[in-house]
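Biologist: I am new to this one. Could you show me the structure and take a few questions?

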Amino acid sequence: MKLMEKFADQVIASGTYEPLDRIYVLNKIRGFVGDEDVEAKDDEPVVNQLVDLAVKRGKIDDSQTAKEILNDQLYDLMTPTPSVVNHKFWEKYQQSPSTATDWFYNLCTSNDYVKVAAIKKNVVFDKPTKYGNLEITINLSKPEKDPKAIAAAAHDTAKKYPQCALCMENEGYKGRLGQAARSNHRIIRITVGGQQWGFQYSPYAYFHEHCIFLDSKHEPMKINRQTLINLVEIEKQFPDYFVGSNADLPIVGGSMLAHEHYQGGKHIFPMMKASIKKELYFDEYPAVNAGIVNWPMSDIRLTSTDTEQLIDLGTHIIKVWDQYSDESLDIKAFDGQTRHHTVTPIMHREGDKFVLDLVLRDNNINDEYPLGIFHPHEKLWHIKKENIGLIEVMGRAILPARLKDELNEVKKFWLGAENKIADSHLPWAKEVQARINITEDNVDEVMEQELANVFANVLENAGVFKDDAAGNEGWQRFVDALK
């Protein structure tokens, strides 16, 4: 079958166009890749073939950016307009929230907005630790930045459109060097806290149905009472999803602090399964069950069917932590006017109960820990040096792509084979080798388990109250301050 005709059939089958529109659709395709059709290959996605054809004919540059733009422009032909998408979503929502999100997620995977094929490349496994099973991922899906885009960005001082990757203005944006192609991107309009927000999926998802809730305005992230109100409202609208916010400070926050947004999805994280190691009681909030979670990071969990009391107590904890210092543990709330304390708040539902985890964060640095006192320490940087954001707080490691090849060299080293082990991995590799008899049969199992152990250490480093006597005493002093 001819290539363009095959794709035209797929476009019409998607329901975006009627059979009567076939000539129109074919001419749209020809406009992108040239007039003459060619035979389709059976073993390669049709859009990939069309993009290759456009490169071959000089219709686009043979560059990563140009190919991504055309890929998404072609898939846009299979994607209804934003108004139609929103109408269908809310029509299906009348049946149930999950009916609506199932439909929207299917749309975003079938039109290649969610990069399913790329996501399948990621390495994913889980292994037991003293805190329960931790999830490890090596992120191989997100493409490396286009070198041309990096060079252009270095000399680009103009005001950006869209202002950032989360702005509403990305919906349908063609893309350019340094700004992702978004022709096939659609955003559901929702109301949160009396304001218009958007709901979308993440193109390079870190877990199932990884979604983003974003403010329609480009305003900085902030954690306060309104955050908790917003999380409750989102949970009421999407009870099958968790929702949480990265912290609103550098070092302990995520990579996108300039635009208010939350992350969510349909995944049960290790932290959600963690038990309470010490119950807490707050007389003024009798409808709320509270406790310190058995978790490497410092987490207070609040559970209630009474969302008003949940919000009130959560706000109280945030405000006290904001001002709280315990310099015997290097915990310091302020340097002059510079704030160092915030929380990573995460909410999910258990039936009619709302479960709020408040993970205490401190972004202080010192001479010994220049990247953060409560940040992965230098001996762990060979595995994880980046910020510990919301997803990792909950027990799912997002490790860099470089590790796939580097860890293969470590395994060769363990087996006594010729290798190119990086100097950064050598002390760790020798320490593991000294305590475990590593063979061809168990080398993969050992590697996975040791990565989980390192990730547990990473999370322990990020906890403000450590799991030891001094940390437990510190916890008690903070709990006393809450009373």
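Predicted model: local features only at pLDDT ≥ 70, side-chain atom pairs only at ≥ 80, totals over all residues.

Biologist: Which strands stand at the edges of the open sheet of ten strands?

Modeller: The strand order is β3-β4-β5-β7-β6-β13-β14-β10-β9-β8, with antiparallel pairing. Each edge strand has a single partner strand, so one side of it is left without a neighbour in the sheet. The twist averages 25 degrees from one strand to the next. The edge strands are β3 (188-192) and β8 (276-280).

Biologist: What is the bridge partner of Val 243 in β13?

Modeller: Strand β6 covers residues 242-244, and β13 covers residues 341-350. The two pair in the antiparallel sense over two bridges. In β13, the partner of Val 243 is Met 347.

Biologist: Which strands does helix α6 touch?

Modeller: Helix α5 (residues 82-93) lies across β3 and β4, at about 60 degrees to β3. Helix α6 (residues 97-110) also packs on the sheet. Its direction makes about 55 degrees with that of β4. The strands touched by α6 are β3 and β4.

Biologist: Is Ala 8 buried or exposed?

Modeller: Ala 8 lies in helix α1 (residues 3-13). Its relative accessible area is 0%. Buried means under 20%, so Ala 8 is buried.

Biologist: Which residues is Ala 8 in contact with, leaving aside its neighbours within four places in sequence?

Modeller: Val 252 lies 48 Å from Ala 8, C-alpha to C-alpha. Contact needs heavy atoms within 4.5 Å. The contacts of Ala 8 are Val 25, Leu 26 and Ile 29.

Definitions and conventions. Residues numbered from 1 in each chain as written. Heavy atoms only, no water. Pairing = 2+ DSSP bridges. Helix = DSSP H or I, 4+ residues; strand = E, 2+ residues; numbered from the N terminus. Axes fitted to C-alpha atoms, helices over the stretch in contact; angles between N-to-C directions. Buried < 20%, exposed > 50% of the residue type's maximum accessible area, 1.4 Å probe, protein only.
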